[in-house]
Amino acid sequence: MTDTTLGLVLVLIGLLVVVGSALNWHIVTHSGKLLNLLFGDTIARTIYIVIGLFLMAMGVARMFGIYWFE
């Protein structure tokens, strides 16, 4: 897989997580997940958004040739 393709996949996954958390989609955040049970729904959704933004940043960096983790 090329760097551009991998970067686009990471950006799309991150975007799905951010939008799913913001709109409270049950595929991303439902009451039975571990983070929701430990921290509550609001904090768990915030954690999911931060993870999604991190994945999007990693994807953009991969497309520009910046390798954070290898």
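Helices here are DSSP runs of H or I with at least four residues, strands are E runs of at least two, and both are numbered from the N terminus. On that basis the chain has three helices and zero strands, and from the N terminus on its elements run α-α-α. This is a predicted model, where local features need pLDDT of at least 70, side-chain atom pairs count only at pLDDT 80 or more, and totals for chains, interfaces and linings use all residues. Residues are numbered from 1 along each chain as its sequence is written, and side-chain values use heavy atoms, with hydrogens and water left out.

**The chain as a whole**
- Taken along the principal axes, the C-alpha atoms fill a box of roughly 35 × 20 × 15 Å.
- Buried residues (under 20% relative accessible area; exposed is over 50%, partly exposed is in between, with a 1.4 Å probe and protein chains only) make up 24% of the 70 residues.
- The accessible surface (Shrake-Rupley method, 1.4 Å probe; for residues, only the protein chains shown count as cover) comes to about 4800 Å², and 75% of that belongs to carbon and sulfur atoms.
- As for contacts (heavy atoms within 4.5 Å), take those with a separation of 6 or more: residues 24 or more positions apart account for 51% of them.

**Helix α1 and what follows**
- The 20 residues of α1 should span 28 Å at 1.5 Å a residue, and the end C-alpha atoms are 28 Å apart, so the two agree; the expected span is 1.5 Å times one less than the number of residues.
- Val19 and Ile49 are 30 residues apart along the chain, with their C-alpha atoms separated by 8.1 Å.
- After α1 comes Asn24, which has a positive phi near 60 degrees.

**The loop between α1 and α2**
- Ile27 belongs to the loop that runs between α1 (3–22) and α2 (34–39).
- Ile27 has 70% relative accessibility, so it counts as exposed.

**One salt bridge**
- With a salt bridge taken as a side-chain nitrogen of Lys or Arg within 4 Å of a carboxyl oxygen of Asp or Glu, the count comes to one.
- The partners are Asp3 and Arg62, whose closest N and O atoms are 3.8 Å apart.
- This pair ties together distant parts of the chain, since Asp3 is in helix α1 and Arg62 in helix α3, 59 residues apart.
- Asp3 counts as partly exposed because its relative accessibility is 31%, whereas Arg62, at 17%, counts as buried.

**A nonpolar surface patch**
- Leu8, Val60, Met63, Phe64 and Ile66 make a nonpolar surface patch of about 470 Å².
- Patch members have over 30% relative accessible area and no salt bridge; like charges are joined within 9 Å, and nonpolar side chains (Val, Leu, Ile, Met, Phe, Trp, Tyr) within 5 Å.
- Phe64 is in the segment after α3 (41–63), and it counts as exposed because its relative accessibility is 68%.
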